[in-house]
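Here is a short report on one protein chain. Look through the sequence and the model before reading on.

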Amino acid sequence: MNKLANCCAKAYGLMDKHDIRQLYQFVKSLDEEFQEYRWPELLPCYAQARFENNDKLVEFLAQAVNALKLGKALALHTHYRRVLAAACLSACINDSVDYWRSKQLRQALWLEALKPLRFDSHDIAFYRHWVALISRVQQQRVAPEVEFAPQLNSIFRYKFWPLMKQSAGFCRYFTGQRFKHTKKSRSALLMDYQKGQFLLAFPHKLHTPFYVSAEQLKQWQPTNEPTDSDILESLVKHRDFLLEARPSTLQTPKALLTAINRYANASGSLNAVIQQIRKVPYLSESMHQSVIENERINNDEAAKMDIKQAYLWLGAKRASIILATAFLQHQFSLNSIPLHKALTQRINLLCRLLEKLSESSGIRLPTPAPLLALLSGANLFRHPELLKSSKWPKVSVIEHFYCSSWVGSALDPADFRRSRQLVARWQLPEKTHLLLDPEQTTDKKLTALFYVAHFLAVKVYHPQAELSDSAQKLLDSCYEALGATPTSAQKVKQIAAFESHCHSPL
């Protein structure tokens with residue numbers, strides 16, 4: 001049995017079994033195929049051809065495909081993307097939360113997706129409704145503006161308008177859809193859709209596809225005649241359905257780090273560093289922006305600088321800090337977890353707390369506060385509690401003063417491995433490395449500042465949380481090292497919370 005037929009058969013069985021584990025496993029296997037191939041996009045069209053008058057199966061497969069594609073477009077974390085797709089499929093079968101609870105569904109994020117829309121609904125609930133809209137447009141071949149209008153004009157329009165803009169790359173037709181020319185007796189298949197251009201191919205010339213614009217597509221009309229399943233099967237291994245292996249934007253830029261290290265050790269050239277920076281637009285932009293924003297140089301002079309001049313003007317150490325900050329900010333913006341906004345708010349709050357405490361105590365931070373806060377919170381972007389939850393975990397007891405205390409986790413030095421790796425790779429100061437290692441605390445005052453900032457960040461969101469006996473003693477010694485009091489720390493907390501807008505609904 002070929003891949004398309006096998007996948008349709010599994011989907012057909014799932015629609016009767018209502019098994020949450022098998023639903024998720026189906027989505028997982030489909031998502032894994034999507035890492036290398038585009039053939040799953042053919043599933044809805046294949047189901048139309050092989051299973052006549054089975055609109056439910058077509059809808060089921062369309063929602064699976066569209067949910068995974070939307071997840072990629074929104075840069076959702078792998079688990080988040082798969083839960084979204086699984087929730088869409090379960091809603092196709094039965095959209096009652098109580099029904100799926102009776103089927104032993106306990107995954108909080110999945111359950112949130114199935115709940116009716118409210119103003120405080122989790123993002124995944126809006127994503128699910130949007131996937132259903134896109135799928136209906138494709139299946140019923142209605143104009144998107146007609147199908148989308150009710151939601152775009154509803155009380156939830158503030159959520160759906162951004163989704164419409166982010167879904168600009170979605171096609172209103174199924175991949176594999178057959179079109180007929182309005183004037184000539186010829187038909188073609190839809191192979192792909194990119195940036196407003198439709199890729200069509202004649203059934204007998206699949207290896208020579210051609211692009212037509214939205215205007216030119218008016219000469220081609222979608223037909224109700226199903227695409228021959230044999231043709232669709234032949235497309236599974238077609239070159240246009242193979243995805244090129246692209247380097248992950250979330251991976252550390254090893255070539256750049258190697259060039260920076262060689263230049264720092266006088267074993268490499270500056271040109272090699274500049275060449276690598278130029279390959280990554282957002283890194284180049286961060287260098288230019290840092291020079292322009294510096295008060296020590298005229299804006300006109302700064303604007304005229306190229307990357308090499310900017311790097312030399314900043315100096316290797318400052319340039320590394322700027323590049324590391326830009327990389328981490330970009331990395332975390334591209335890998336959205338269910339509680340991404342909440343975590344980002346906490347990191348922004350931590351940044352302001354570090355800055356305010358540094359100003360009030362006169363203690364200099366080893367790296368700028370924005371980078372130090374990102375490094376401290378880096379491990380939470382992969383924390384299991386934040387990958388599977390729809391609400392931030394409650395914290396009742398504070399046992400230590402690192403970012404993992406924000407989710408109520410015990411102190412485990414292994415949790416900081418990623419942060420320390422980033423510090424080493426970007427050649428950041430040794431004091432930064434020591435701050436992020438619970439087993440090495442040498443600078444008493446700097447460590448005290450770091451701990452107090454993390455404690456205050458927890459108290460903003462969990463004011464009722466209590467300190468363990470050991471944590472209380474440690475906090476008292478930190479206040480003493482800083483020459484601070486609980487009252488002065490409270491003032492710093494209030495100012496930082498106000499300036500970082502950590503509770504802003506926007």
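## A cysteine in a helix

Where is Cys 478 found? Cys 478 sits in helix 24, which covers residues 469-482. Keep in mind that this is a predicted model.

Is Cys 478 buried or exposed? Its relative accessible area is 3%. Buried means under 20%, so Cys 478 counts as buried. Leaving out residues up to four places away in sequence, Cys 478 touches Ala 448, Tyr 451 and Val 452. Take Val 452 as an example. Cys 478 and Val 452 are 26 residues apart along the chain, yet their C-alpha atoms are separated by 6.9 Å.

## The whole chain

Now step back. The protein chain has 506 residues, and buried residues make up 52% of them. Its secondary structure comes to 25 helices and seven strands. Along the principal axes, the C-alpha atoms fill a box of roughly 85 × 60 × 40 Å.

Consider contacts between residues at least 6 apart in sequence. Of these, 67% join residues at least 24 apart.

## Four domains

How is the protein chain divided? Domain 1 runs over 1-116, domain 2 over 175-244, domain 3 over 251-336 and domain 4 over 337-505. The centres of domain 1 and domain 4, taken over C-alpha atoms, are 39 Å apart. Seven residues from domain 1 and seven residues from domain 4 take part in the contact between them.

Together, domain 1 and domain 4 bury about 600 Å² between them. Carbon and sulfur atoms carry 68% of that area.

Most residues other than glycine have a negative phi. Here are two with a positive value.

Ala 75 has a phi near 55°. Its place is in the loop between helix 4 (55-73) and helix 5 (78-93). With a relative accessible area of 19%, Ala 75 is buried, because the cut-off is under 20%.

Gln 427 also is not a glycine, and its positive phi is about 55°. Gln 427 is found in the loop between helix 21 and helix 22 (430-435). Is Gln 427 buried or partly exposed? Its relative accessible area is 37%, so Gln 427 is partly exposed.

## A buried serine

Helix 21 (residues 417-425) holds Ser 419. The relative accessibility of Ser 419 is 0%, so this serine counts as buried. What is Ser 419 in contact with, leaving aside its neighbours within four places in sequence? The partners are Leu 375, Ser 376, Ala 378, Asn 379 and Leu 436.

## Cavities

How many cavities of 30 Å³ or more does the structure hold? There are two.

Which residues line the second largest cavity? They are Arg 346, Trp 392, Trp 406, Ala 457, Val 458, Tyr 461 and His 462. By class, the lining has five nonpolar, one polar and one charged residues. Helix 23 (residues 444-461) gives the largest share of this lining, with three residues.

Conventions:
Residues are numbered from 1 along each chain as its sequence is written. This is a predicted model: local features need pLDDT of at least 70, side-chain atom pairs count only at pLDDT 80 or more; totals for chains, interfaces and linings use all residues. Side-chain values use heavy atoms; hydrogens and water are left out. On a 1 Å grid over the protein atoms alone, a cavity is a set of points where a 1.4 Å probe fits but cannot get out, and a pocket is an open set with protein on both sides within 12 Å along at least five of seven lines; lining residues have an atom within 4 Å of a point. Grid points are joined across faces, edges and corners, and a volume is the space filled by probe spheres set on the points. Helices (H or I, at least four residues) and strands (E, at least two) are DSSP runs, numbered from the N terminus. Ala, Val, Leu, Ile, Met, Phe, Trp, Tyr, Cys and Pro count as nonpolar, Asp, Glu, Lys and Arg as charged, and the others, Gly among them, as polar. Buried means under 20% relative accessible area, exposed over 50%, partly exposed in between (1.4 Å probe, protein chains only). Contact means heavy atoms within 4.5 Å. Domain bounds come from an automatic or database domain assignment. Buried area is the accessible area (1.4 Å probe) that two parts lose on being put together, summed over both.
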